[in-house]
Amino acid sequence: RITRQADYGIVLMTRFASEPERLFSTPELAQTTSLPLPTVSKILKSLARHGLLVSTRGAKGGYSLERDPAAISVADVITALDGPIAITECIVDTPGECDRETGCTVRANWQRINDALRGSLESITLNEMIEPGPDPLVELGGGGARSASLG
């Protein structure tokens, strides 16, 4: 599960992606996303520090995307706000974190699962996040009778 901060960061970044050339003020973003101003301010500063946003100072200042939204992945945003994507503690790139590491029989499989998760998050860009996704009921139902009965 990602943190609330990362979730809010993705909400904010999709707002930027919807108008990629625009400069947004912190109060405006807080208002349009219905997020608390201090939280928005903290997240924007972190995203700028990690090279995803550019901060412009002054009376007409604000934040804008550092690069094209098609070049920013969901994984980039999560990593900037939460740190490395790791489904378990033993997967983080710091050997020795777990006292059972040397005899662990499942670590390699957790690594495979983590790599798949990270790969999926890296493959989804901000541009894709602003597009409507597939209908989850149709996707889960596999088409057929379930989707027909819903529609």
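Helices H4 and H5 are roughly perpendicular to each other, a class that spans 65 to 115 degrees, with angles under 35 counted as roughly parallel, over 145 as roughly antiparallel and the rest as oblique. Their packing angle is about 115°, and the axes lie 5 Å apart. H4 covers residues 74–82 and H5 residues 107–123. Axes are lines fitted to C-alpha atoms, for helices over the stretch in contact, and angles run from 0 to 180 degrees between N-to-C directions. Val 74, Ala 75 and Ile 78 of H4 make the contact with Arg 118, Leu 121 and Glu 122 of H5; contact means heavy atoms within 4.5 Å. By class, this contact has 4 nonpolar, no polar and 2 charged residues. Nonpolar denotes Ala, Val, Leu, Ile, Met, Phe, Trp, Tyr, Cys and Pro; charged denotes Asp, Glu, Lys and Arg; the others, Gly among them, are polar.

The model is predicted: local features need pLDDT of at least 70, side-chain atom pairs count only at pLDDT 80 or more, and totals for chains, interfaces and linings use all residues. Residues are numbered from 1 along each chain as its sequence is written, and side-chain values use heavy atoms, with hydrogens and water left out.

The chain holds 8 helices and 2 strands. These are DSSP runs numbered from the N terminus, helices (H or I) of at least four residues and strands (E) of at least two. Along the sequence the pattern reads α-α-α-β-β-α-α-α-α-α. The chain has 151 residues, of which 31% count as buried. Buried means under 20% relative accessible area, exposed over 50%, and partly exposed in between (1.4 Å probe, protein chains only). The accessible surface comes to about 9,600 Å², and 53% of this belongs to carbon and sulfur atoms. Areas come from the Shrake-Rupley method with a 1.4 Å probe; for residues, only the protein chains shown count as cover. Among contacts between residues at least 6 apart in sequence, 60% join residues at least 24 apart.

Ser 73 sits in the loop between strand E2 (62–65) and H4. Ser 73 is buried, at a relative accessible area of 6%. Neighbours within four places in sequence aside, Ser 73 contacts Leu 121, Glu 122, Ile 124 and Thr 125.

H1 contributes Val 11, Leu 12, Arg 15 and Phe 16 to the contact, and H2 contributes Leu 29, Thr 32 and Thr 33. The class count is 4 nonpolar, 2 polar and 1 charged residues. Thr 32 of H2 is partly exposed, at 44% relative accessibility.

The structure holds 1 aromatic pair. Phe 16 and Phe 24 form this edge-to-face pair, at 5.1 Å centre to centre and 80° between the planes. Rings of Phe, Tyr and Trp (its six-membered ring) pair if their centres lie within 6.5 Å; planes under 30 degrees apart are stacked, over 60 edge-to-face and the rest tilted. Phe 16 is buried at 0% relative accessibility. Phe 24 is also buried, with a relative accessible area of 0%.

Ser 34 lies in the loop between H2 and helix H3 (37–49). Most residues other than glycine have a negative phi. Phi of Ser 34 is positive, near 60°. Ser 34 is exposed, with a relative accessible area of 65%.
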